Number of protein chains: 2
Amino acid sequence: MKIVIIGATGTIGSAVSSELEKKHEVIRVGYNDGDYRVDIASQELIQALFVKTGIVDAIVSTTGLANFGTLDSLSDADYELALNNKLMGQVNLVRLGRDYLNDSGSITLTSGITAWQPMQESLSVSMVNAGLEGFTRAAALGLDREIRINVVSPDFVRETAEAMGMGSIGVPATQTALAYAATVEGKMNGETVNARDYL
Amino acid sequence: MKIVIIGATGTIGSAVSSELEKKHEVIRVGYNDGDYRVDIASQELIQALFVKTGIVDAIVSTTGLANFGTLDSLSDADYELALNNKLMGQVNLVRLGRDYLNDSGSITLTSGITAWQPMQESLSVSMVNAGLEGFTRAAALGLDREIRINVVSPDFVRETAEAMGMGSIGVPATQTALAYAATVEGKMNGETVNARDYL
């Protein structure tokens, strides 16, 4: 398969790229580097990206910005970032990317554990993560040509936790990557795949 | 209790108002009429509303706009309506309204069955309904003064179905209203309450 990974230079995206490269041709897309670059907040740049990649068999998104903060500290701009970047940025990857997929291709988005295991500071993050899962369930009913869509819900990533001095909690990125491989190579559609199930 | 119901002139809101008026003082707020008027797309108008209502014991929202449409037919404006009105309109009721609640007060928002029972045409609706449920789970951890927040997920409303010539499917508004009474009068916090459980 020819697979484009958007967010390929991040902690999760790097691990997903390495995992999928074992069997497939991977196009790594980042914000600052990679084979190609994109800012998912821009529909024009998303469109330009797919013109460059051409037709692929799978689109994997491991990207999307949203800030943590409490009811007191989150600003309008914080909510807008979550909505315009992590949520609509990924929704627009679906709206624009589906035309660049082969029949029986797949799209995999990324939500996060805070959709279901919230924290006081995860307000806008929980909101858009759950929203991505709701969107995915509906989009799965409407994609044609046997194209599938799923969303991976990563747990806290162990490498990130260790880098932050929080100890060996969470799911290693290499294990998290197996959840993405499962959505790309499997038959599931409309599902939320929990990365911790691959621990 | 003194309860402000935003969306009180709609099919569900009217039934919720009638149910809660049996035991409580209800302030009915609508878009075009009611005791007071508000457009939840405007933070300024939300703020002005709560200045007028003063301190209350419960805020109930039965309002929020979002359009149905497919991946092909939904426009950027449709996604923006769902995000700015049904989702952020209700989130802003929480952000601004919590300062106008008595200790141990409550907030009840409205999502919808399509978060979990999607249709091809419910893309943006499923997205924001699920997003509201994710936001509510996180917000419940951060509200102080023992203030609670929940979200009711109405089924298709029987009166609406009958008016559309679809037959007697869905949950009657009078029954749907019992889900709202349960969140206002009960002890639950951070929960999604399915109106069909009250059928």
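View 1. A nonpolar core here is a set of buried Ala, Val, Leu, Ile, Met, Phe, Trp, Tyr and Cys residues joined through side-chain atoms within 4.5 Å; buried means under 20% relative accessible area, with exposed over 50% and partly exposed in between (1.4 Å probe, protein chains only). Bear in mind that this is a predicted model, where local features need pLDDT of at least 70, side-chain atom pairs count only at pLDDT 80 or more, and totals for chains, interfaces and linings use all residues. Residues are numbered from 1 along each chain as its sequence is written, chains are lettered from A and ligands numbered from 1 in the order written, and side-chain values use heavy atoms, leaving out hydrogens and water.

**View 2. B:Phe135 has contacts in both chains.** Skip its neighbours within four places in sequence, and B:Phe135 is in contact (heavy atoms within 4.5 Å) with A:Leu71, A:Tyr79, A:Leu123, A:Ser126 and A:Met127, plus B:Val91, B:Val94 and B:Ile149. As for the interface as a whole, 100% of chain A's interface residues are also interface residues in chain B, so the copies meet through the same surface.

**View 3. An open, parallel sheet in chain A.** Seven strands line up as β3-β2-β1-β4-β5-β6-β7, with β3 (36-37) and β7 (192-194) at the edges, each pairing on one side only. Strands are DSSP runs of E, at least two residues long, and helices are runs of H or I, at least four, both numbered from the N terminus; two strands pair if DSSP finds at least two bridges between them. Strand β6(A) (148-153) and β7(A) share three bridges, and A:Val151 has A:Thr192 as its bridge partner in β7(A).

View 4. At 0% relative accessibility, B:Thr176 counts as buried. Beyond four places in sequence, B:Thr176 is in contact with B:Ile12, B:Pro154, B:Val171 and B:Ala195.
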